[in-house]
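I am opening the notebook on this model and writing down what I looked up, element by element. Conventions are noted where I first need them.

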Amino acid sequence: MGILTRATRNLSRRKTRALVVIIALSLALTMLIILPPSINARQALTQKAINSLIANADFLKTTVTLSATEIQCDYTISFDPNTMIGHGTIWLTQPLMNESLFNNITSLPDVTNVIPLFLELSTANRSYQIYGVPLENASFQMDPTILPQNITQGRNLQVGDSGVVILDEHAAENLSASLGDTVTILGRNFTVVGIEGLELPRGANGVTMSLADAQAITNSTGQAWAYKVFADNIDNVNTVVSRIRSLDPKLEVSAGLSQLNTAQPLESQINVLTQAAQNNLNQIQGTGLIEISIAVIADTAIILFIMLYSVRERTKEIGTLKAMGASNAKILGQFMLEGVLLSVIAAVIAIAVGVFVLPTLASVLLPMPVQTGVGIGWDPNGTVVLQPGMVSFGKTPVIPGHETNFIAASVTPEIMLLGLGAAILLGALGSLYPALKAARTRPAEAMRYE
Amino acid sequence: MNDSVLKIENLTKTYKLGKRDVQPLTNLNLEVKKGEFTAIMGPSGSGKTTLLNIIGCIDKATSGSVLIDNVDIAHLPESQLYKIRRDKIGFIFQNFNLLPYLNARENVELAMELAGKFKGQRKQRAKDLLNTVGLSGREQHRPQRLSQGEQQRVAIARALANDPAIILADEPTGNLDVNNKQEIVKLLLDLNQKQGTTIIMVTHDEQVAAQTQRMLTLNNGKILKDKQTQKSTLSGNQSKAEETQEE
């Protein structure tokens with residue numbers, strides 16, 4: 001029969017009282033146990049949103065700057081004279097550009113990159129359009145939008161791919177092909193490695209393949225439908241446009257300088273959203289801290305008052321123990337242990353309850369993270385726009401590490417141990433004064449107490 | 001050879017009650033020999049319980065000296081006094097003062113636990129002591145399931161647990177009926193005569209006091225009478241009743 005048994009027996013003497021106290025302590029400790037992981041999870045999520053906004057802002061700057069230095073040149077689309085007779089559909093045609101023009105543009109001053117793109121328009125004999133894109137790292141880095149942007153099945157084209165195609169949904173339907181099938185395009189077999197959801201601005205019925213494959217099957221080696229030309233900086237765009245025009249007056253040359261006008265408001269919008277996320281984060285931390293303080297004070301105060309009451313109620317017992325030769329330290333230890341024991345029992349209940357009620361209780365106790373995230377996308381005209389949403393997801397450019405996440409907080413073993421530790425500490429803190437009072441009781445007075 | 005277990009010289013106790021000074025004990029002198037069974041009598045407020053509390057180290061003397069086994073406890077600090085209470089004194093109270101959440105054996109064991117005795121040792125001694133006071137087979141009963149007489153027996157066993165130099169009994173029969181009263185007095189007399197236990201007992205009951213070896217009568221904080229009775233057997237050098245009258 002040691003000190004612990006005595007403490008347990010003492011608590012069980014007044015069962016109803018002990019039960020009420022333990023329930024009250026459990027409520028306070030449940031708050032204490034679930035708040036830190038919930039705050040952490042919300043903080044992590046909001047921080048992620050903020051990081052994503054910052055990444056998006058950087059991406060926006062790069063993209064807009066790039067768009068603004070981009071110059072597109074191609075020949076004018078015209079009606080195909082061969083389809084002008086008869087009735088029904090009139091087909092369009094567009095002259096291709098030769099490799100010599102590519103070389104001339106590439107060697108112009110202030111030009112950093114030229115990306116050739118291929119497009120074979122639909123004809124009366126086939127109901128799809130052939131897109132050819134250069135499958136090189138340099139091109140992807142310069143302009144990732146040259147690839148299909150909305151792969152719904154399979155994968156996108158990769159560097160070095162040959163003999164493979166991406167079909168958009170209409171083309172797949174027209175060709176009766178699905179992912180993994182082999183389709184014959186202009187007499188050559190291709191494996192379908194991906195399906196693209198329909199998305200503007202690319203037209204419907206698209207079959208996308210490598211530039212080399214597209215040129216080969218259309219007997220157009222070295223030829224392109226359009227060039228994406230990049231000037232070395234924004235100030236030189238107009239000069240480069242003039243130089244290209246002088247190479248061939250029939251060329252249609254357009255610059256993306258107008259994109260700059262959209263960048264400014266987008267940036268300030270991102271700043272506003274970042275500030276909102278930061279405010280939300282501060283609000284979550286502030287509310288959490290206040291609630292944790294309430295839980296700590298409540299736990300300590302409950303133990304303080306119940307132990308003070310207990311000391312008063314057991315004054316004569318304290319006198320007897322002292323008369324028997326109990327030291328002040330033994331009396332102090334006995335009462336502190338009872339306080340700690342109450343707190344630990346309550347903590348065990350709080351942990352068990354916390355595991356189940358964390359998500360519900362956390363949403364009551366803490367503000368939800370605001371939906372501050374944005375992604376960057378393109379409108380049907382190809383202009384950069386902000387898209388609402390948690391963070392980057394869906395059709396917007398995927399920036400690795402900045403995907404949307406859920407609030408995933410749980411009572412981990414680490415939190416359980418911390419909760420128990422806190423309960424022991426608060427139990428000791430709350431019972432210290434009553435236990436000191438008990439230890440300092442003068443035996444003669446205690447014996448006279450009725 | 002000095003065989004006194006308690007020697008009190010010029011003991012005075014004063015305390016304030018409101019604005020008034022109260023002096024329950026005034027220049028009191030007393031010597032108790034080892035193995036003596038002393039009864040202290042006197043009217044209410046004569047200083048009996050105060051004297052017992054000072055001998056038991058649960059109250060402090062204002063002046064004078066109180067020697068227990070030649071140690072002056074009158075001016076020891078609390079950090080030393082608890083050891084005297086634990087090792088030298090055994091208390092028996094009028095209201096028994098057993099801990100209600102411990103059974104009979106555990107109540108006796110607690111005194112030994114406070115003295116740092118090992119579990120096996122104290123368990124066996126508690127059983128033996130309960131056997132001595134006639135409670136074998138009742139070890140597992142908690143106080144509320146024992147009669148008042150039995151509760152006082154547990155308290156006596158507890159007082160004996162650490163083999164103290166003096167047993168201090170504050171009206172041990174005050175709450176008992178006639179039969180139990182006689183049983184408890186007989187038990188205390190047995191302990192005194194067979195084991196040589198020194199007992200100082202405060203009582204209002206002359207019949208009970210008459211059975212001890214020495215009767216002290218207190219009045220106004222002084223010893224009025226100090227009477228050796230016919231019962232004196234262990235002091236050895238008294239063959240007949242001897243009475244000392246103090247001023």
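**Entry 1: strand β7 of chain A**

I began with strand β7 (residues 164-168) of chain A, which is mostly covered, 5 of its 5 residues being buried (under 20% relative accessible area, with exposed meaning over 50% and partly exposed in between, for a 1.4 Å probe and protein chains only). I note that this is a predicted model, in which local features need pLDDT of at least 70, side-chain atom pairs count only at pLDDT 80 or more, and totals for chains, interfaces and linings use all residues. Residues are numbered from 1 along each chain as its sequence is written, chains are lettered from A and ligands numbered from 1 in the order in which they are written, and side-chain values use heavy atoms, with hydrogens and water left out.

Strands here are DSSP runs of E with at least two residues, helices are runs of H or I with at least four, and both are numbered from the N terminus.

For pairing (at least two DSSP bridges between two strands), I found β7(A) parallel to strand β9 (residues 188-196) of chain A over 5 bridges, with A:Asp168 opposite A:Glu196. Strand β10 (residues 206-210) of chain A runs antiparallel to β7(A) and is joined to it by 2 bridges, where A:Leu167 has A:Val207 as its bridge partner.

**Entry 2: helices of chain B**

Next I looked at how helix α3 (residues 104-114) of chain B packs against helix α4 (residues 119-132) of chain B, and recorded an angle of about 125° with the axes 9 Å apart. That angle makes α3(B) oblique to α4(B), since under 35 degrees counts as roughly parallel, over 145 as roughly antiparallel, 65 to 115 as roughly perpendicular and the rest as oblique. The residues of this contact (heavy atoms within 4.5 Å) divide into 6 nonpolar, no polar and 7 charged.

**Entry 3: a loop residue of chain B**

Is B:Thr173 buried or exposed? B:Thr173, in the loop between β7 (166-170) and α6 (178-195) of chain B, counts as buried because its relative accessibility is 5%. Leaving aside neighbours within four places in sequence, B:Thr173 is in contact with B:Lys181, B:Ile184, B:Val185 and B:Val208.

Notes
Axes are lines fitted to C-alpha atoms, for helices over the stretch in contact, and angles run from 0 to 180 degrees between N-to-C directions. Ala, Val, Leu, Ile, Met, Phe, Trp, Tyr, Cys and Pro count as nonpolar, Asp, Glu, Lys and Arg as charged, and the others, Gly among them, as polar.
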